[in-house]
There are 2 protein chains.
Amino acid sequence: MSELTVRAEKLDAVDELAVKRAEFVLDAASGHAADAAVVYLDGNSLGALPAVVPGRVEDVVRRQWGELRIRSWEESGWWTAPERIGDRIAPLVGAAPGQVVVGDSTSVNVFKALVGAVRMAGDGRDELLVDATTFPTDGYIAQSAARMTGRTLRPVTPAEVPGALGDRTAAVLLNHVDYRTGRLHDLPALTAAVHEAGALAVWDLCHSAGALPVGLDEHGVDLAVGCTYKYLNGGPGAPAYLYVRRELQDRFDSPLPGWNSHAEPFGMRSGYEPASGAPRGRVGTPDILSMLALEAALEVWDGVPVEAVRAKSLALTDFFLECVAEYVPEGRVECLTPVAHAERGSQIALRCDDAGEVMKRLIERGVVGDFRAPDVLRFGFTPLYVGFADVERAARVLARTLG
Amino acid sequence: MSELTVRAEKLDAVDELAVKRAEFVLDAASGHAADAAVVYLDGNSLGALPAVVPGRVEDVVRRQWGELRIRSWEESGWWTAPERIGDRIAPLVGAAPGQVVVGDSTSVNVFKALVGAVRMAGDGRDELLVDATTFPTDGYIAQSAARMTGRTLRPVTPAEVPGALGDRTAAVLLNHVDYRTGRLHDLPALTAAVHEAGALAVWDLCHSAGALPVGLDEHGVDLAVGCTYKYLNGGPGAPAYLYVRRELQDRFDSPLPGWNSHAEPFGMRSGYEPASGAPRGRVGTPDILSMLALEAALEVWDGVPVEAVRAKSLALTDFFLECVAEYVPEGRVECLTPVAHAERGSQIALRCDDAGEVMKRLIERGVVGDFRAPDVLRFGFTPLYVGFADVERAARVLARTLG
């Protein structure tokens, strides 16, 4: 038994979140290596299945839809699900109730948030800044939002943002954690700089919510969006969410004013009058099956302080880097993720020329991460169900695979 | 036994679609009248649960998500679901394969379709016509599409459309069947008139797809949208679909160019290049749980000619009107749905001043329709699972309730 294996055991033994693993379906036969459980380090792409979900979904399908049918819109709470589930996500992103609404995809919510932000910024401000290193959909949607509001889109790196801000800036779209490198950006400082310039700050939380504290209210973020199928374990393609800061809600002017966002949705009026509060961010009929699966999935967060998640996340990634340094020959991989805690999300990205082939073989050997073209091995560390022994094993198998 | 009861029995006995009822979950205990099964005449709002769905959803949750996890994007066909399911819907709306894509809500698809249509119409055409009698969300979204493309929105009744068309018309959004009155509009003639004026025809099929032939390809419709939770029985808030006529696909310029609509989605490129064909209508990550429930639900259509559905739909609504005329005192209700078959969808709308109270009591008595403020009783007839005995009983209970 190596020193690192012993360390892993000790770390797992004192891990206060270790009990959470039993709330996930992880150790079923999975068609991978037959001799051992899979080490799942891809929860930053698709979170594992919380054990409570299958039974809940069955109830939604068989009883709520199958037996109650149309009555469930009232009796099973379908109608109010977008705000109710938004309020369950709210504490995970540091938001007081009434500011988060669930529905639509992340891309659609980026569109709502950016167009909404530009309209609130006013006519004099004709430039939209977007994180040039962001997940591409944010850039594509930002381009469309700029085009449709007559603004100019200017891609900049997060580091260039302070220097790019000015009187022309309407809004800035930034990713809290870079999907590729795992770099954590300084949300408080960047938000303050954006506000200093009189612009609005829009944050994409896809790779941070559920992995580390976000503090939307505390730092005065204006609008934010995020997905729910990564660290929030809501299921494949589960609905995303939109946060609009309370003070801005009355001015939020959605580009997608569907009937669900009307002040009186069942009035069936020809004139549009927006609802107050979070429901203003709704659009069409909510996608109930996916939404209620997400609601069940969020129960695993009951009693889990996000600070504890962050502490374990950093311990996991520190330990992974330590194991990699110990097991993998120097120079065989290059770490793209910052070593400084303040700049690290909950993933480690390693660069090597043969990353595609390496990841394929890693997966065959029961260590599931993902490959990002052209040369990145990406490993996500989800503190609710990944343990230190998993981390040690992953690094060991990685070293063997790198040869 | 009344003459109409006997007639109902005979009609059910020769109904070739009667066997389909067994493919739905309908006769479970439902908390309504304990002594008899519910007559469900609200399938035009939320379709009943197809019996195949619960088992399929369980497999998607427990095995595809729970065991295969991220591998399911490839191995379980998650990634291609939007086009694959679109191709299952296509024959129901008269479309050849490769033109329908599933995803997002109806409202979001109305936005894509209208902005896309306006952009294809070109700069010289500055007016958007919208059905003033339509379901409100279409009007609200059309207003946003007009505002964001610098066009003027002009609400007109479908009857006024031919007279309102001209050189300024960019596109026209019409509902195939009016959600309130059940009136069926003349899609072939109106589409031809729109084309005659050089504009694009966009149809909302929410209340017609799955109830009657639509003939999108045959009649040269340009773009169309529809929901899947009414006559298509996809489940509450199931994803909607977008049809873009093949000849227009290369010119379709989506206002929501998310990463799923990119020619190379996993290239993660900063520049946007739209995919060819139906996938160009995609936006973000597809909502897999809801989408695969819909896919299972569509299996009930295997071998069902839509013409047979239409024939039975008209027979059901004819018979309902006959029963109402026989049982309900003259003048107690007014039928808002046209008597002419060519103008009737698959619902009957009856007006009476106390409609809200009447529908409440009808539901208590096991006849489920819905109430549309201020004074409409709406009954939907879904030919796959509603029989003639149901219709007779509904009319009888209605007469008793009306007093």
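## Helix 4 and helix 10 of chain A

In this predicted model, helix 4 (residues 81–89) and helix 10 (residues 288–297) of chain A have axes that come within 10 Å and cross at roughly 25°, and the two helices are therefore roughly parallel to each other, a term for angles under 35 degrees. Their crossing is left-handed, meaning that the near helix is turned anticlockwise from the far one by less than a right angle. Helix 4 of chain A contributes Ala81(A), Pro82(A), Arg84(A), Ile85(A) and Arg88(A) to the contact, and helix 10 of chain A contributes Met291(A), Leu292(A), Leu294(A) and Glu295(A), where contact means heavy atoms within 4.5 Å. Helices here are DSSP runs (H or I, at least four residues) and strands likewise (E, at least two), numbered from the N terminus.

## Asp87(A)

Asp87(A) also belongs to helix 4 of chain A, and at 33% relative accessibility this residue counts as partly exposed (between buried, under 20%, and exposed, over 50%, with a 1.4 Å probe and protein chains only). Its side chain reaches the backbone nitrogen of Gly98(A) at 2.8 Å, while the C-alpha atoms of Asp87(A) and Pro97(A) are separated by 5.3 Å.

## Lys230(A)

An unreviewed UniProt entry places the feature "modified residue: N6-(pyridoxal phosphate)lysine" at Lys230(A), although such annotations may be inferred rather than shown by experiment. Lys230(A) lies in the loop between strand 9 (223–226) and strand 10 (241–244) of chain A and is buried, with a relative accessible area of 10%. The side chain of Lys230(A) reaches the backbone oxygen of Asn44(A) at 3.3 Å.

## Basis

Residues are numbered from 1 along each chain as its sequence is written, and chains are lettered from A in the order in which they are written. Local features need pLDDT of at least 70 and side-chain atom pairs count only at pLDDT 80 or more, whereas totals for chains, interfaces and linings use all residues, and side-chain values use heavy atoms, with hydrogens and water left out.

Conventions:
A polar contact is a pair of N or O atoms within 3.5 Å; within protein, one must be able to donate a hydrogen and the other to accept it, and residues adjacent in sequence count only if both atoms are side-chain atoms. Axes are lines fitted to C-alpha atoms, for helices over the stretch in contact, and angles run from 0 to 180 degrees between N-to-C directions. Angles under 35 degrees count as roughly parallel, over 145 as roughly antiparallel, 65 to 115 as roughly perpendicular and the rest as oblique.
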